[in-house]
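Please look through the sequence and the model shown here.

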Amino acid sequence: MYTLNLPSKQRFLEDYWQKKPVVIRQAFANFSDPLDEHELAGLAQEEDIDSRIISKKKGVWANSQGPFSDFTPHCIGDWSLLVQSVDHYIPEAKMLLDSFDFIPNWRVDDLMVSYSERNGGVGPHIDQYDVFIIQGRGSRRWQVGENKHYNSIQPAKNLKQITGFDPIIDEILEPGDLIYIPPGFPHNGVALTPCLNYSVGFRAPTQRELLDGFVDYAQAKNLFNHRYSDPDISSRDSRFEIKSSEIEKIRNMFKDMIHSVHFDDFIATYFTETKDIDMYSADLTENYTLNEIINMLDDGVMFQRKLDTRIIQQKMRFNDKYQIVTWVNQHRINVEPEHEDMLSAMLNSTILDSEEKNNYANGLIFNQLLARLVNSGGWYPDI
Ligand code: SIN
Ligand code: CO
């Protein structure tokens, strides 16, 4: 378990979130690393895991993309090994990420873990996303500059840096310390000793990324086939003229798509996509019948939440009443208002089994919801 000690989360959101960088000393008291560099290196050998080694020797930067079978040629000079989405593979890493639960979950991306040798780092750069960087084992000097324009350089393939900046923060972080850096603020971390760092990253799509996603969604669901029509067409002086009213009509076609109920469904689907599931094709999740689920529960099977499960809940108004709509890994789960609390409690449980079931008044509904959670691919029977 990790507990994030922030004096006031509300104050943090008001004063710092997306506004200015800050160092928070001992945000995690008695911090213990959720993994070590050997486990991190193990992950960097895996085909499906995104990893890279960034090194600098005699002023020459190199950026090698994983997976790695042999680390020796890459770990030269001052180097850092960085592995993405470690929370999908190491339960303790997921717990560390989950301790940032005061930020809405749909904004959370992943936990990136880095191991740096002394003097290692990725160089001065700017990220487009908010990041909390937790200091694990070792110590590291962090410098952060003002949010303004800087000249970018690319000293190695796919390695974006800036030439330099004047620090407004210049501090040495020790285990359990935390630094928050909003998008656009240049920063540079240099390891003073061999060290581990944990970066909690957030997602913030651009308009174009959303548009791409929306187009994919519309195609997969065969939506929006309504065609432009103009029975009231007017004559004009030039055959080349398009009237503002006609552009407005087309604009309204776009607005209709965005104001349709499909848009809400698209957003929920977009933000609950997991790596395991191909966006819209039938996924590989086994479909269990209710009886199969009940039999497994009775046989003592524990159902575990997958580490990369993504959940969104939306409060929607239906006939003057609010109802919660839940999405788990792109699957919609409807629940009667009287069972909303029960579903919320289940969503917060990493393990659902017959013992957990005893905490709920309605065993029948528990079974049904469990079946939905399992068939959405969010939980799996640990057999
Ligand atoms: C790290 O090296 O652990 C973090 C890299 C960064 O500054 O984004
Ligand atoms: Co960065």
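## The metal site

H125 and H187 are both buried, where buried means under 20% relative accessible area, exposed means over 50%, and partly exposed lies in between (1.4 Å probe, protein chains only). Together with D127, these two residues coordinate the cobalt ion (ligand 2): H125 and H187 use NE2 and D127 uses OD, at 2.0 to 2.1 Å. Donors are N, O and S atoms within 2.8 Å of the metal (3.2 Å for Na, K and Ca); water is not among the atoms, so sites may look incomplete.

Along the sequence, the donor residues of the cobalt ion (ligand 2) follow the spacing H-x1-D-x59-H. H125 sits in the loop between β5 and β6, while H187 belongs to strand β12 (residues 187-191), so this pair ties together parts that are 62 residues apart in sequence. Helices (H or I, at least four residues) and strands (E, at least two) are DSSP runs, numbered from the N terminus.

## Basis of the model

This is a predicted model, in which local features need pLDDT of at least 70 and side-chain atom pairs count only at pLDDT 80 or more, while totals for chains, interfaces and linings use all residues. Residues are numbered from 1 along each chain as its sequence is written, chains are lettered from A and ligands numbered from 1 in the order in which they are written, and side-chain values use heavy atoms, with hydrogens and water left out.

## The sheet

Eight strands form an open sheet with antiparallel pairing, in the order β1-β11-β6-β13-β5-β4-β2-β3. Two strands pair if DSSP finds at least two bridges between them. At the edges are β1 (22-24) and β3 (60-65), each of which pairs on one side only. From one strand to the next, the twist averages 20°.

Helix α3 (residues 91-98) packs on the sheet and touches β5 (108-116), β6 and β13 (195-202); contact means heavy atoms within 4.5 Å. The direction of helix α3 makes about 120° with that of β5. Axes are lines fitted to C-alpha atoms, for helices over the stretch in contact, and angles run from 0 to 180 degrees between N-to-C directions.

## Strand β6

Five of the five residues of β6 are buried, so this strand is largely enclosed by the rest of the structure. V131, I133 and Q135 lie on one side, and F132 and I134 on the other.

Strand β6 (residues 131-135) pairs with β11 (residues 178-181) in the antiparallel sense over four bridges. Here I134 stands opposite L178, and V131 opposite I181. Strand β6 also runs antiparallel to β13, joined by five bridges, and the bridge partner of I133 in β13 is S199.
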